[in-house]
Structure formats: C-alpha cells, structure tokens
Amino acid sequence: MSLIEALKWRYATKKMNGEKVSQDKVDQILAAAHLAPTSSGLQPFKIIVVTNPELKEKIKDLAYGQSQITDSSHLLIFAAWDNYTEENIRNVFAHGNRERGMPADSHSDYVNNLVANYTARTPEENFNHAAKQAYIGFGVALAEAALLKVDATPMEGFDPAKLDELLGLKEKGLRTTTLLPLGYRDESGDWLVNLKKVRTPLEDFIIEIK
C-alpha cells in the first residue's frame with residue numbers, strides 16, 4: 001500500500017474496539033517518529049507510551065472524556081522540551097560526535113552559534129519551537145500507523161498543564177503537546193467511519209508560483 005492509499009484509508013477514529021496492537025507494529029510507529037527530521041537534528045521531544053488502564057482513565061478525565069484514550073491499545077504522548085539550554089544542545093552534538101567517531105570539538109562554531117541563538121530567546125519561544133519539532137514526529141508516526149493499518153486519533157483536546165503534573169513532566173524538562181491513541185476502529189460504533197473523506201479541492205489548496 002502506498003502512503004497516499006494509506007492516508008485515504010485513515011481517519012480520525014472516534015471509537016476504538018479495545019483490540020491490542022502488536023508490539024512489533026507499535027515499535028515500527030515509534031521508530032518512524034524517532035527517525036523524523038528536526039531542526040538541527042536536536043530531537044527536542046520525547047514520546048511517552050501508556051498502556052496502564054488506571055493511568056489511561058486519569059488521562060481520559062483530563063481529555064474531556066474522549067473514549068479513544070481508554071479504548072486504545074497504546075496511548076502515545078508527545079512531550080517537547082520546555083526550553084533549549086546550553087546543556088541539552090551540547091549533549092545532542094556530543095552524542096552525535098561519539099556515534100560518528102568524530103572529535104569532540106567537531107562543528108564547534110555551529111554549536112556555539114546555536115547555543116547563542118537559542119539561549120537568547122524566552123523559554124516560551126523555545127518551547128513553541130520545540131513543539132513544532134514534536135509535531136513533525138507526530139505526523140510521521142500518524143503516517144506510519146496508517147501504512148500498518150493501525151488506527152490513530154490525533155488529539156489536542158486535553159488540559160496540558162494538568163497532564164504535565166500527572167506525569168511529573170516538569171521535573172523532566174518537558175511539556176505535553178499532543179496525544180495519539182493507537183488501536184483499531186469500532187466500525188459499529190463510530191459515526192465517522194463510513195463518511196466520505198473530504199478535503200479542500202486540490203486546485204484551491206495548491207498555490208503555484210512560476
């Protein structure tokens with residue numbers, strides 16, 4: 001199945017049937033997000049995988065009672081860095097140099113420039129930038145799930161501050177951005193499953209400048 005065919009198949013599943021997604025498919029979805037591009041390769045986000053039923057119930061309460069959270073097999077929580085610091089920027093490049101067998105001071109001018117630019121901005125500006133990077137991984141995970149015929153529902157409807165508190169993310173330097181329940185559609189109970197997929201007409205969506 002091509003990516004286009006997979007994206008035509010997928011939809012924002014409103015009701016899941018509780019069936020488990022095999023671990024190998026979950027691992028593939030996570031690997032796809034892990035390989036997603038990010039600005040300067042910093043990967044300023046983490047993915048929290050929740051399968052514990054009691055915890056999912058608590059998260060559901062913070063997400064306006066959306067049943068996909070508790071009916072899902074796995075709940076993926078995308079959480080971005082709450083700030084770019086000199087330490088976390090340098091740690092990323094130090095790791096890359098070690099993995100590539102390069103000198104520790106490789107690209108030092110580039111890294112020093114990144115540190116200067118990011119640390120001059122406010123934490124909120126930096127979080128917003130990191131959140132955009134998390135969304136790239138989020139989109140790649142969504143696409144990989146579709147290719148594997150695993151249903152997924154992109155979610156922004158939740159109380160991020162309360163979820164951060166529930167998960168103890170402040171201590172980890174993280175803030176939640178999005179939720180992605182994984183599972184399988186309940187075709188008998190989902191009002192959206194059989195509706196035609198509708199998008200803005202392509203001729204109105206694409207702007208060509210020649």
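Reader: Let us take buried as under 20% relative accessible area, exposed as over 50%, and partly exposed as in between (1.4 Å probe, protein chains only). How does Leu 3 count, then?

Author: Leu 3 counts as partly exposed because its relative accessibility is 41%. Please note that this is a predicted model, in which local features need pLDDT of at least 70 and side-chain atom pairs count only at pLDDT 80 or more, while totals for chains, interfaces and linings use all residues. Residues are numbered from 1 along each chain as its sequence is written, and side-chain values use heavy atoms, with hydrogens and water left out.

Reader: Where is the place of Leu 3?

Author: Leu 3 is in helix α1; helices (H or I, at least four residues) and strands (E, at least two) are DSSP runs, numbered from the N terminus.

Reader: Which residues form the nonpolar patch on the surface?

Author: Leu 3, Ile 4, Leu 7 and Leu 147 form the patch, with about 330 Å² of accessible area together. Patch members have over 30% relative accessible area and no salt bridge; like charges are joined within 9 Å, and nonpolar side chains (Val, Leu, Ile, Met, Phe, Trp, Tyr) within 5 Å. The areas come from the Shrake-Rupley method with a 1.4 Å probe, and for residues only the protein chains shown count as cover. Helix α1 (residues 3–9) gives the most to the patch, with three residues.

Reader: And where is Leu 147 found?

Author: Leu 147 belongs to helix α7 (residues 123–147), and with 34% relative accessibility it counts as partly exposed. Leaving aside residues up to four places away in sequence, Leu 147 touches Met 1, Ser 2, Leu 3 and Ala 6, where contact means heavy atoms within 4.5 Å. Leu 147 and Ser 2 are 145 residues apart in sequence, yet 7.5 Å apart in space, C-alpha to C-alpha.

Reader: Turning to the sheet, what is the order of its strands?

Author: The sheet is open, has four strands in the order β1-β2-β4-β3, and shows antiparallel pairing. β1 and β3 (151–152) stand at the edges with a single partner strand each, so one side of each lacks a neighbour in the sheet. Two strands pair if DSSP finds at least two bridges between them.

Reader: Is β2 mostly covered or open?

Author: Strand β2 (residues 74–81) is mostly covered, with eight of its eight residues buried. Phe 78 of β2 is the bridge partner of Ile 47, while Ala 79 stands opposite Thr 176 in β4.

Reader: How many salt bridges are there?

Author: The count comes to five, a salt bridge being a side-chain nitrogen of Lys or Arg within 4 Å of a carboxyl oxygen of Asp or Glu. One of them joins Lys 15 and Asp 71, whose closest N and O atoms are 3.1 Å apart. Lys 15 lies in the loop between α1 and α2 (23–34) and Asp 71 in helix α4 (residues 68–71), so this pair ties together parts that are 56 residues apart in sequence.

Reader: What about Arg 185 and Asp 151?

Author: Arg 185 forms a salt bridge with Asp 151, with the closest N and O atoms 2.8 Å apart. Arg 185 is in the loop between β4 and α9 (202–205) and Asp 151 in strand β3, 34 residues apart. Arg 185 counts as buried at 14% relative accessibility, and so does Asp 151 at 2%.
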